[in-house]
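Here is a short report on one structure. Look at the model first, then read on.

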Amino acid sequence: MSEAVVINSSVLEDPWSVPLSELDPSQPAVFQSNSQFELFERLRTEDPVHYHEQGLFGPYWSITKFNDIMQVDKDHKRFSSDAGITLTERQADFTTPNFISMDPPKHDVQRKAVTGVVAPMNLAKMEPIIRQRAATILDSLPIGEQFNWVDAVSIELTTQMLATLFDFPFEDRRKLTYWSDMATSGELAGGPTPEADRRAALLECLEYFQRLWREREGTPPEIGIDLISMMANNPETQKMDPMEYLGNLILLIVGGNDTTRNSITGGVLFLNENPEQYAKLKANPGLITSMVPEIIRYQTPLTYMRRTALEDVELSGKVIKKGDKLAMWYISGNRDDEVIDRPNEFIIDRANPRHHLSFGFGIHRCMGNRLAEMQLRLLWEEILKRFEHIEVKAAPERVQSSFVRGYNDLQVVLHSK
Amino acid sequence: MPSVKFIEHNGTEHVVDGTNGDSLMMIATSNLVPGIDADCGGECSCATCHVLVDASWVDKLAPATETEESMLDLNPDRESNSRLSCQIPMSDELDGIVINLPEFQY
């Protein structure tokens with residue numbers, strides 16, 4: 001299964017032309033070809049709470065309307081995260097528990113052990129550091145020459161940030177990118193990485209982080225700036241077994257890396273696709289504040305979160321049975337015109353731009369959401385000081401995943417001011 | 001009409017009228033009082049309308065529901081008088097209530 005699963009190409013070209021039973025948005029090919037929006041529009045129109053009997057990862061429900069997603073996301077008592085937050089089934093011989101895939105009370109104590117790292121006071125301390133790094137990265141870029149924005153800017157800035165959150169050896173920071181990519185690209189999730197390679201990479205990650213853990217155990221952390229010290233010295237997390245440590249590491253690495261990275265790239269793409277918005281931004285850089293959440297809505301870097309029903313629940317006229325899997329398609333809810341005005345348009349000065357689903361809602365809401373917004377804001381402030389235009393030269397190469405909506409490559413040319 | 005006094009973290013005061021039944025979050029945002037984000041729009045599911053209720057008013061409020069408790073609990077800066085303002089409906093009994101706003105929402 002190391003190749004993308006082949007699906008009926010008419011599903012991608014015209015999802016209105018095939019029987020509803022053939023639509024399966026859990027197929028990575030849907031997102032790799034950026035064909036998801038028509039497919040979800042059809043589901044929202046014809047069957048917004050839809051049961052897929054033959055999903056790539058087994059039967060599941062697609063929840064596609066904004067308000068239905070909100071109801072499920074809030075209802076953690078009936079819709080559990082304990083069996084995992086992706087549709088892929090867990091491998092019994094390689095289980096990596098982590099707090100996003102737990103229910104209260106264990107979720108609460110583990111999350112609280114690390115939330116402080118993104119407390120407002122820490123964000124204020126990080127702001128000048130991130131701004132300086134963004135400036136350094138941007139100043140190193142070639143002018144007038146084509147290069148891959150994903151690698152040079154999106155990955156570099158987010159990986160530097162992640163290294164800081166872990167107080168990870170800076171020179172080794174690209175290992176974080178590598179482990180993050182390996183964690184999310186496994187063949188069992190429909191990605192290109194053989195499972196044995198994925199496991200080997202993650203065990204290497206664990207080994208590296210166990211050394212850091214041992215070095216920091218027993219040393220009181222400087223208040224809230226280093227995730228490893230926080231976990232190693234909190235009574236609720238210091239007794240985690242290795243696989244649970246690994247699970248939480250992967251959660252924090254992917255959560256802090258992939259999402260912001262792909263929103264950084266997405267912003268460049270969306271402004272190129274919407275030159276009138278780019279002009280508006282250049283005329284009024286103050287619009288960065290509302291553009292940032294709009295980028296995050298429009299990108300929706302994690303397309304869904306999975307829940308499992310703990311009892312029979314009626315939702316919009318359908319009965320979801322105990323034990324059924326559900327995908328809350330954030331990427332679909334974010335295009336629901338019952339809640340969002342002109343949802344398919346990228347509009348950088350929307351009223352109420354933070355009213356989107358990309359961070360989730362309820363107790364599992366993204367803990368790094370304000371840090372993500374800050375990174376994007378600072379980067380765009382520094383970009384506008386330097387460049388007249390970031391010109392996209394080719395369609396992006398997209399990631400083979402139905403969970404991470406991302407980019408491997410976006411070729412651009414910079415034009416200085 | 002009952003009124004609310006919102007006090008920003010920097011001390012700036014805003015005294016605004018509210019309609020009975022509207023939440024304190026709605027009253028703040030519709031009067032452009034800064035410091036309340038309310039990302040979820042009043043669903044008790046994001047905790048970005050966090051406020052600190054003046055001590056003399058805490059006991060006049062209905063206690064937080066389990067859902068509000070679970071959201072408040074995610075905030076490491078939670079205080080004993082922390083509440084989510086979308087969960088406090090305005091009423092004549094709350095006329096004059098004093099609400100302090102935190103420095104940041106998250």
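A nonpolar core is a set of buried Ala, Val, Leu, Ile, Met, Phe, Trp, Tyr and Cys residues joined through C-beta atoms within 7 Å. Keep that in mind below. Note too that this model is predicted.

**The core**

Nonpolar side chains tend to be buried together in soluble globular proteins. Here the largest nonpolar core has 138 residues. Those with the most contacts inside this core are A:Ile63, A:Leu202, A:Leu227, A:Leu326, A:Met328 and B:Leu24. Helix α11 of chain A, residues 242-273, gives the largest share of the core, 13 residues.

Take A:Met328 as an example. Its neighbours within four places in sequence are left aside. A:Met328 is then in contact with A:Ile63, A:Ile69, A:Val72, A:Asp73, A:Tyr304, A:Met305 and A:Arg307.

Which residues of helix α3 of chain A are buried? They are A:Gln36, A:Leu39, A:Phe40, A:Leu43 and A:Arg44, in a helix that runs over residues 36-46. An α-helix has 3.6 residues a turn, so residues three or four places apart point the same way. On the other side of α3(A), A:Thr45 and A:Glu46 are exposed.

What do the buried residues of α3(A) pack against? The table lists the elements.

| Element of chain A | Residues |
|---|---|
| α2 | 28-32 |
| β1 | 49-52 |
| β2 | 60-63 |
| β8 | 325-329 |
| α14 | 330-333 |

**A sheet in chain B**

Strands of a sheet pair through backbone hydrogen bonds, either parallel or antiparallel. In chain B, 5 strands form an open sheet with mixed pairing. Their order is β2-β1-β5-β3-β4. The edge strands of this sheet are β2 (13-17) and β4 (82-84) of chain B, and each pairs on one side only. On average, neighbouring strands of the sheet are turned by 35° against each other, direction ignored.

Now zoom in on one pair. Strand β3 of chain B, residues 50-53, pairs with β4(B) in the antiparallel sense over 3 bridges. B:Leu52 has B:Ser82 in β4(B) as its bridge partner.

**Where the chains meet**

In chain A, 18 residues are in contact with 16 residues of chain B. On the side of chain A that touches chain B, α4 (66-74) and α5 (106-115) of chain A each supply at least two residues. The largest share of that side, 4 residues, comes from α5(A). By type, the residues of that side divide into 6 nonpolar, 4 polar and 8 charged.

Key. Residues numbered from 1 in each chain as written. Chains lettered and ligands numbered in written order. Predicted model: local features only at pLDDT ≥ 70, side-chain atom pairs only at ≥ 80, totals over all residues. Contact = placed C-beta atoms within 7 Å. Nonpolar A, V, L, I, M, F, W, Y, C, P; charged D, E, K, R; others polar. Pairing = 2+ DSSP bridges. Axes fitted to C-alpha atoms, helices over the stretch in contact; angles between N-to-C directions. Buried ≥ 20, exposed ≤ 12 C-beta atoms within 10 Å, placed from the backbone.
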